Amino acid sequence: MTRPNRYAIRAHQHGRLGGLGMAVHAVPDAFLILHGGVGCKYKSIGDLYAHDRARPSHAIQAYTELTDADLAGGSARRIGPYLRSWHRRKEPAFMAVASVTFPEMTGEDFAAAVREAGRTVPCDTAYLPCPGFDGDLYDGYADLVLEILRRAPFGGTAPDPRRVALAGYLFDRYEPDHAANLAELARLIGTLGLEPGPVLMSGRPYRELLGAAACGTVLALPYLAPRRRELRDLLGARGHEADLPVGAAGTCRWLADLARAAGTEPAVLKRAQAGVRARTSDALRRLRAASRRLPGKRSAVFAATPLAAGLAAFLDECGLPPLLVGLNDSSLGGKRAFREAYRRTGRTLPAGLRLLEDPPLRGLQAALAAACRGGEIGVLLGSATELRCLSGAGLPAGRTPAAVELGYPSLDYHPRGAAPYLGVSGTLHLCRRILAAAG
């Protein structure tokens, strides 16, 4: 029996091709060749135009301009000339070639065509098929992270046991929020007496990312969940996993995971965790006090599964336990992964919590409007998609929650200064944003 929502318009429609476009955008000297139609070109980076005001996304790709005649007579021959032409223009260090559904249906061996064409350009190349019926944004993003890691010389010289590389950071724009997140992650690593290495992705050049091979610990963040098995095979004993460091409890847990992976002394970890609690306690206390004056005493969160779990647990710390959580992905583990990550922060799932997994747009609109009309929601954290649903919900006076735009896409929120949401600094900043939104 067909599920009624199977063909509904999703709230977040970003597919594998969109994730690949985002990942290429996150490597400043990478370039993407789309072996598809002009419509596919827009789909790969559509929201990035408005989401990232710091670096234009339209210049990171070109497409091979397929025609019906190419499909009938063999389109693979177009890949080599376009690869070479765009390398001469852009001189990238890395080039990805993506195909979409309709060329793949011809049965041509595009992987072989890319391998052959790759020998004619002085840079690394990769072939990444992006069928429109399979995978979401996070699949496409993880695909490119894995391809870059595969090119890192892990079998070379002995790695430095004190250096830590991070893999799977979701870098979607060159704005101050990500710059501050990356600085905070480096600071957290330093509190354990370790040295930060490359972060995949982080807006850093391709060759710098290959330096992950020199690190004794490679910590995989949960956005790489779709490629967990391949990562384990590639990284071996130096590969480890961790949740996102969101909120005080989530940051303490992240430090514990990193300390375990790197073999850090328990006393060092204990001091670092004590520092987290000391620096965040006042801000959390102020927000808990302010939450009593909000129209509702609970919260709503909409984000990708790992970020949603961290934000929901953080709001619980603030005295605003989540009532409604929407997971805007289909590849990161869904409700089960959310519950497990939430519990790993040491907190208990709130009573009555409703989880929406990759909801259709109309279902999201209805669920959000119903929760807010009930008067229980005091704070909403979500992307531009959810905030627009909220603005069109027609809520009565006094029932509109304090709304904070966070995640992808963010169309109205473009911070001018440091605006992290990870670690200690992120906890403090999120508290300030919620208090400001609450008036």
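**Terms put to the test**

Mentor: Start with helix α12. Its 16 residues reach 22 Å from the first C-alpha to the last, close to the 22 Å expected at 1.5 Å a residue. Keep in mind that this is a predicted model.

Trainee: What makes α12 "mostly covered"?

Mentor: Buried means under 20% relative accessible area. In α12, 13 of the 16 residues are buried.

Trainee: What follows α12?

Mentor: G263 follows α12, and its phi is positive, near 70°.

Trainee: Which residues of α9 are buried, and what covers them?

Mentor: The buried residues of α9 are D177, H178, A180, N181, L182, E184, L185, L188 and I189. Their cover includes β5 (160-167), β6 (195-200), α12 (247-262) and α18 (423-438). After α9 comes G193, with a positive phi near 75°.

Trainee: Which members of the largest nonpolar core touch the most other members?

Mentor: The core has 115 residues, and L144, M201, W254 and F314 touch the most other members. Helix α8 (residues 137-151) gives the most to this core, with nine residues.

Trainee: What does L144 touch?

Mentor: Contact needs heavy atoms within 4.5 Å. Leaving aside residues up to four places away in sequence, L144 touches L20, A23, V24, F94, A96, L128 and M201. Another core, of 18 residues, lies apart from the largest one; L324, L364, L380 and C389 are among its members.

Trainee: Why are β11 and β13 called edge strands?

Mentor: Look at the order of the open sheet: β11-β10-β9-β12-β13, with parallel pairing. β11 (354-357) and β13 (402-405) each pair on one side only. That makes them the edge strands. Neighbouring strands are turned by 10° against each other on average, direction ignored.

Trainee: How do you know that β9 and β10 pair?

Mentor: Pairing takes at least two bridges. Five bridges join β9 (residues 298-303) to β10 (residues 322-327), so the two strands pair. They run parallel. For A300, the bridge partner in β10 is L324.

Trainee: Which helix packs on this sheet?

Mentor: Helix α14 (residues 305-317) does, touching β9, β10 and β12 (377-382). The direction of α14 makes about 165° with that of β9.

Conventions: Residues are numbered from 1 along each chain as its sequence is written. This is a predicted model: local features need pLDDT of at least 70, side-chain atom pairs count only at pLDDT 80 or more; totals for chains, interfaces and linings use all residues. Side-chain values use heavy atoms; hydrogens and water are left out. Buried means under 20% relative accessible area, exposed over 50%, partly exposed in between (1.4 Å probe, protein chains only). Helices (H or I, at least four residues) and strands (E, at least two) are DSSP runs, numbered from the N terminus. A nonpolar core is a set of buried Ala, Val, Leu, Ile, Met, Phe, Trp, Tyr and Cys residues joined through side-chain atoms within 4.5 Å. The expected span of a helix is 1.5 Å times one less than its number of residues. Axes are lines fitted to C-alpha atoms, for helices over the stretch in contact, and angles run from 0 to 180 degrees between N-to-C directions.
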